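Colleague: Before I plan around this protein, could you take me through one of its residues and then through the fold as a whole?

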Amino acid sequence: MKLPLRISPCPIIDSVIEIRFDTSLPDDAIFGMFFGQIKSDFPKFDKLPVAQLPDEVKLNDPNLKFSPYFQAQSEGFILRFGPRVLSLSNPGEYVGWEKYFSRFKQLFAGFNRLETEKKYCRVGVRYIDHFEYDIFPKIRMKISLEEKELAEIPKTFSCQLSEKGVSSNLQIANNIALVIENKVTSGGSIIDIDSFMETQPDFTPEQILNTVEECHQIDKRHFFSLLKEDFLAQLCPEYAP
């Protein structure tokens, strides 16, 4: 299947590139070192609520192990960082993969200049697309009960797909409420695809970036494989020459 470069209007409302890792540095030391590398682009960080928790709680709760402690914003991007996680999101108007990935590579290069051993454990790329209408009639999927299609009712579908060693959590829901640009929207739909790979500790930085690219492509393939041809045609798809 030939994938479009872009569609219009672009339905992406949020996207996240996330790297999880382990280092030999103390939790409070790694942030100071990383901040020194990227402060010209992200000069002001705010502490997130999890950073205020006692160390004993953060270390003993597995749900908090990969939580970010700090957050900064710059030119439409949000950087979140913790002692075991680095992520960059592009909420709101999507800037396109080329610019987005380039910005992430700059941050990742700064992280890799830290003089400490790093062991990577997970790479993920997530996209959330929003539509102002019920998306189910426009995709190649039907949800049935006793051979009767469950149409025109609020519903949520979720599953996990696998391709080339990459797992993808797929969620499709209609009749949802979202806050977009400080306004609450309801009755629309989302397609949420989170593709990730559990990596080997000896992965090189180059392998990590290649895996980010692969997760992005798999996200994209899953998304466009869902859309019916006539619906895709309505979205003014643009293809490479």
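Colleague: Is Asn-90 buried or exposed in this model?

Modeller: This is a predicted model, and in it the relative accessibility of Asn-90 is 0%. A residue counts as buried when that value is under 20%, so Asn-90 is classed as buried.

Colleague: The backbone nitrogen of which residue lies 3.0 Å from a polar atom of the side chain of Asn-90?

Modeller: Setting aside neighbours within four places in sequence, Asn-90 is in contact with Ile-13, Asp-14, Ser-15, Gly-76, Phe-77, Val-95 and Tyr-100. From that list, the residue whose backbone nitrogen lies 3.0 Å from a polar atom of the Asn-90 side chain is Val-95.

Colleague: Turning to the whole protein, what is its radius of gyration, and why is it called as compact as a globular protein of that length?

Modeller: The secondary structure comes to five helices and eleven strands. For 241 residues the globule rule gives 18 Å, and the protein comes close to this, so it is as compact as a globular protein of that length, with a radius of gyration of 19 Å.

Colleague: What share of the contacts with a separation of 6 or more joins residues 24 or more positions apart?

Modeller: Of the 241 residues, 44% count as buried. Among contacts with a separation of 6 or more, the share from residues 24 or more positions apart is 68%.

Conventions: Residues are numbered from 1 along each chain as its sequence is written. This is a predicted model: local features need pLDDT of at least 70, side-chain atom pairs count only at pLDDT 80 or more; totals for chains, interfaces and linings use all residues. Side-chain values use heavy atoms; hydrogens and water are left out. Helices (H or I, at least four residues) and strands (E, at least two) are DSSP runs, numbered from the N terminus. The radius of gyration is taken over C-alpha atoms; the globule rule is 2.2 Å times the number of residues to the power 0.38. Buried means under 20% relative accessible area, exposed over 50%, partly exposed in between (1.4 Å probe, protein chains only). Contact means heavy atoms within 4.5 Å. A polar contact is a pair of N or O atoms within 3.5 Å; within protein, one must be able to donate a hydrogen and the other to accept it, and residues adjacent in sequence count only if both atoms are side-chain atoms.
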